[in-house]
Amino acid sequence: MIKRLTNLPIRQKFAVIIIPLIVIILAFDYLQVRYHYLDYSDSVRLNKAIRVGIEINHVVHEIQKERSISSGFLANQGESFGVKLNKQRESTDSTLQQYYNELTNGDLEDLLELHRTDLDQLNAYFDKLSTLRKNIDEHRISSESSIDRFSEINNNALNTVIKLIDETRDKEIAQQIHAIIYFLKSKEFASIERAIGTQAFSRNHIDFTLYNRFTTLVANQNSYLDAFNIIANQESIEYYNQIVSGEEIEEVDRMREVLFANDTLSENPDHWYESSTIKINRLKDVEDYMSDNIQKRTQNIAQTSVRNFWTFLILDVTIGIIAFWLMTTIVTNLLKNVSILEAYTRRISAGDMTKKVVIPTKDELGQYANTFNRMVLEIRKSQFELRKQRDKAKFLYKNIYGVSLVVFENIEQGIFLLDKEFKISKFHSKAMKEIFSNDRIAGENFANFMRPLILPRELEALEMFMRHLFNEDMDEEVVNQLNPIDQVKIHTEQNGIVATKYIRVEFTRIFRKEKIQNIMVSVSDETESILLQQHLNEAEKKKQQETERVLSILKIDPSILRGFLHNSRKMLKSISERYEKNENDEYGELLSFTFDIIHNLKGNAVVIGMELMANKFHEIEDSITALQSKEVRGKDFLAILYEVDEADRMIAEIAEMLYKIINIYKKFPAEGDSVSNIMVIDSLERGAELIAKEEGKTVNLTFDNIDNVVLPEAYIEPFKDMMIQLIRNSVVHGIEAPSVRMSEGKVIMGELLIELSKSDNEMFIRYKDDGRGLDIERIKRQALDKGLVTDTDLKGMEEFEIQSLIFREGFSTADKSGTNAGRGQGMHLVKSILDQYKGAYDITSVDGKSFEMIIKLPVLNVEKGDEE
Amino acid sequence: MKKKLLIVDDSSVMRRTIEKNLADYDLEIIGQAANGVEAVQMVMDKRPDVVTLDITMPEMDGIACLEEIMKINPETKVMIITALADKLTGLIALDKGARGFMYKPVNADDLARSFDKLLKRDGE
Amino acid sequence: MRVLIVDDSTYIRSSLRTLLGEEGYEIVGEAKNGEEAIDLAMELKPDVITLDNILPDMTGLDVLKTLNTDDFTSKVIMISAVGQQSAIVDAMNSGAKHYLVKPFDNSELVAILKQLDEET
């Protein structure tokens, strides 16, 4: 069922929705229309009924009057009311005639039809009037009976009226109609009261039955008035209170009280009748007022109903038309839009995207169309983008060479391609020209291009290297390890100026279709960074040399260095002490003393390998030597003292450095004397080598038995000092020049020997060289030259004594003055030490063969010696 | 089948280093030679697939040795491992038929990479 | 049967007195307002009370509610004017035995009284 519904075409779907709605609306409206129509017809009929009712009421009113008059007429046996009765009968007939005329009115047909029976019955009662009147005229009827007869007619008339009008669906009208009915009944009772009163006053008497009837009449009359007062609308009640009041009404009430009291009924029956009639006429006024009101109201309702009827009818038709029109419009519009979309979709699917779909409505279809348009736009955009990319790619492809030129112009590296013939490609980066200072690049064979720039061996390697680069069997990485111009120094020439450059050249294979097509070469000028690197290297080297210098100081055995420093300071101090004591201005002697000390210190510095101090002391020696030739003054000596002081300061600095080092050594203590011995041996060996080198000779220093004899610490310094002086003496004077030694059949290397031995009391040091020995004649000559001895002295001297001259102060045999000897001070130092330690010596010199010296030193009891 | 490897170097330390670093490879070390003459003899006797060859060796240097090996079996994959900085010699070795080249001192990574290449290209 | 008539209208009281007298009932009292009605009802303890709803000082319903205690045995006939039918329902709920709508036929009242007489 639902499936069949969903499958319906849109137009039918709408019909399914809308048609039942329209039907419901129309049905509802029909009910409304009908209701209003009924209201209308109801009101119209009621209006007519009231019209008829009013006519009947007129008749009733006149009959009521006639009843009272007739009652009076009969009560006094026709003495009074005769004339009045005739007049009344005329007016009764006149209203009757009016009623009948009304009935003949054409528009009452439906009402007459509806109430035929009631009206026929009423008319029959009205017909009885003539018979009743005849009986009255002929006095064949009693007053009471006549009242009953008239009342019977009136009763019927009133009931007919009630039947006629008591038929409405309007609650308000229904209530007012009931108010009228109650009022009519009350009025009828008032009218009967008038008739009874008229009768009673006419007879001046009221019997029991009539009296009862009278009270009941009044009670009922009042009850109906009460009811009227409850249900009548405010207007009617107010009208009633306004009309039915005043003297006449009060007069009626007064005479009613008289009747009720039933004492003496002496009132004039005419007066009663007139007064009552006034009251009844006024009641009739109220009745007319109310009838009139209801008639107006029913008319009003009828008119409203008509208006409503037409309003709803027109509304219905309008709704129907509008609904149908709306449905048609909407469906037509929808179907139209759908078909537009459908056609557009077909066009899109056929590939035509040039147009937009236009749906003027803003409903879902309109939005759908917008979305569709956006979608199509996106597709077109991406198509456009694709086309643009394609065009760009085409453009790039076409302009590839141009682009590469631009790229090459802006690269700082030299870049070019090599082909299989090693030719440089047509396009290369601009930097190539700058790096090689050469315009002819393109098309050149790269090996030829490099030929003037690099070494032949490098060039050979380059050619081989390029060949391997193009060899696909060779791994690129393997070949690249052997790049001979990976980093190469080239010499370029520009405007006659030759510049050295360092360049880095790198090679990369370029493949096309898995074959090596080209080699891409990149050249970068690294001159600046390499020069910088060289600078750094040099600076580093310099720093290293300085470090080595300091280290050379540190290499010296700390105990030896400490001794050296201690000794140096002590001796340098003795110079200044001597200077201060110098009262007689004997500067020559002072200078000699100073020279002696400095020379000794220089020898020590050389032996322990402390070039720094050796050089310093040598400078001082030079200064002193410069002064020796002339007469020395205090001012000159001050300059020397200044230099001595400088040396002292340097030593102080070294001492301080040493102090720190000693602290380190204390933490890692040495293994006693044997280590000290080794350090002494080491420094003596070094000293010998150094001296020999300076003298252009070679020596070999041999130690014998030195491991077995341990030098006490106190002897280490003197031992070293003596040995170094002896070594210097041997190397400078004893050992011959290599050429001499060769000619004499000696080995070129001079042999030096130091041997230690020990007895219980003495320690023996044997020093020996294989040099030329002491030259007695030269010693003599030298001693004479220096003024140490006279010819006479010499003649009385033993050979040993002459040999001992070498130990004398100021004796020097060498001609030239170097660091190592020649100042005639060295051997004197040895003698001084021996004297200091109470040692003895013996010299054995074999001419041309050897020099030997044996030193004896007393064995010290306490090892700590004489440290100060 | 395992490839047969011959290690040629005058330094026993170097030979051990190479041997140790190639332990993970699917290679059978058929021998070690301390000089070119020994090497040529072993190539002749044992026909190795792969040879690591030093250039500076006593008796017969690496280049001469390489020439001999190529005469015996041109298919031998020779990997030059040398401390010699001269690139021309290296290039000559390639000319003579060496397939790999490394500088001493070798580290495990470089050796592994070079052997990967040498063996892979052999496999192709 | 002893009857108390309560109505403000002298004509109605007179009319009822005559009617009930003819029918042989004993009229023990007449009250023209609520206050009198309550006093007489409590004093005379009549068998039947005809009680008009519209009284000058209070409604008949109020009178009924005041009287309707446990020892109240009188039977009340509530009389109301046309259009006040809603008062009748309240009256019946408050203890009235019967009701009449004015104007009523004498025969109606007589019939009600006869019925009450038979019940006793």
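The structure is a predicted model, in which local features require pLDDT of at least 70 and side-chain atom pairs count only at pLDDT 80 or more, whereas totals for chains, interfaces and linings use all residues. Residues are numbered from 1 along each chain as its sequence is written, chains are lettered from A and ligands numbered from 1 in the order in which they are written, and side-chain values use heavy atoms, with hydrogens and water left out.

Chain C contains five helices and five strands, where helices (H or I, at least four residues) and strands (E, at least two) are DSSP runs numbered from the N terminus. The order of these elements in chain C, from the N terminus on, is β-α-β-α-β-α-β-α-β-α. Of its 120 residues, 52% count as buried; buried denotes under 20% relative accessible area, exposed over 50%, and partly exposed the range in between (1.4 Å probe, protein chains only). Among contacts (heavy atoms within 4.5 Å) in chain C between residues at least 6 apart in sequence, 60% join residues at least 24 apart. Chain C has an accessible surface of about 5,600 Å², and carbon and sulfur atoms account for 45% of this surface.

The contact between chain C and chain A involves 15 residues from chain C and 20 residues from chain A. About 1,400 Å² is buried between these two chains, with 65% contributed by carbon and sulfur atoms; buried area is the accessible area (1.4 Å probe) that two parts lose on being put together, summed over both. On the side of chain C that touches chain A, helix 1 (residues 10-23) of chain C gives the most, with seven residues. Helix 1 of chain C includes C:Ser15, which touches A:Thr215 and A:Thr216 when residues up to four places away in sequence are not counted. C:Ser15 counts as buried because its relative accessibility is 10%. Two residue pairs, both at pLDDT 80 or more, are in polar contact between chain C and chain A. A polar contact is a pair of N or O atoms within 3.5 Å; within protein, one must be able to donate a hydrogen and the other to accept it, and residues adjacent in sequence count only if both atoms are side-chain atoms.

The contact between chain A and chain B takes 19 residues from chain A and 18 residues from chain B. These chains bury about 1,600 Å² between them, 56% of it on carbon and sulfur atoms. Five salt bridges cross this interface of chain A and chain B, and one salt bridge joins the side chains of A:Arg457 and B:Asp86 (2.4 Å, N to O). Nine residue pairs are in polar contact across the interface of chain A and chain B. On the side of chain A that touches chain B, the elements giving two or more residues are helix 16 (456-469) and helix 17 (476-480) of chain A. Helix 16 of chain A provides the largest share of that side, seven residues.

Over all chains, the count comes to 60 salt bridges. One is formed by the side chains of A:Asp107 and A:Arg51 (3.3 Å, N to O). A:Asp107 lies in the loop between helix 3 (82-104) and helix 4 (109-114) of chain A and A:Arg51 in helix 2 (residues 10-75) of chain A, so the pair ties together parts that are 56 residues apart in sequence. A:Asp107 is partly exposed, at 35% relative accessibility, and A:Arg51 is also partly exposed, with a relative accessible area of 23%. A salt bridge likewise links the side chains of A:Arg67 and A:Glu188 (2.8 Å, N to O). This pair connects distant parts of the chain, 121 residues apart, with A:Arg67 in helix 2 of chain A and A:Glu188 in helix 7 (residues 171-203) of chain A. Both A:Arg67 and A:Glu188 are buried.

On the surface, A:Ile322, A:Trp325, A:Leu326 and A:Ile330 form a nonpolar patch with about 400 Å² of accessible area together. Patches are made of residues with over 30% relative accessible area and no salt bridge; like charges are joined within 9 Å, and nonpolar side chains (Val, Leu, Ile, Met, Phe, Trp, Tyr) within 5 Å. A:Leu326 belongs to helix 11 (residues 269-349) of chain A and is partly exposed, with a relative accessible area of 39%.

Technical notes
Accessible areas come from the Shrake-Rupley method with a 1.4 Å probe; for residues, only the protein chains shown count as cover. A salt bridge is a side-chain nitrogen of Lys or Arg within 4 Å of a carboxyl oxygen of Asp or Glu.
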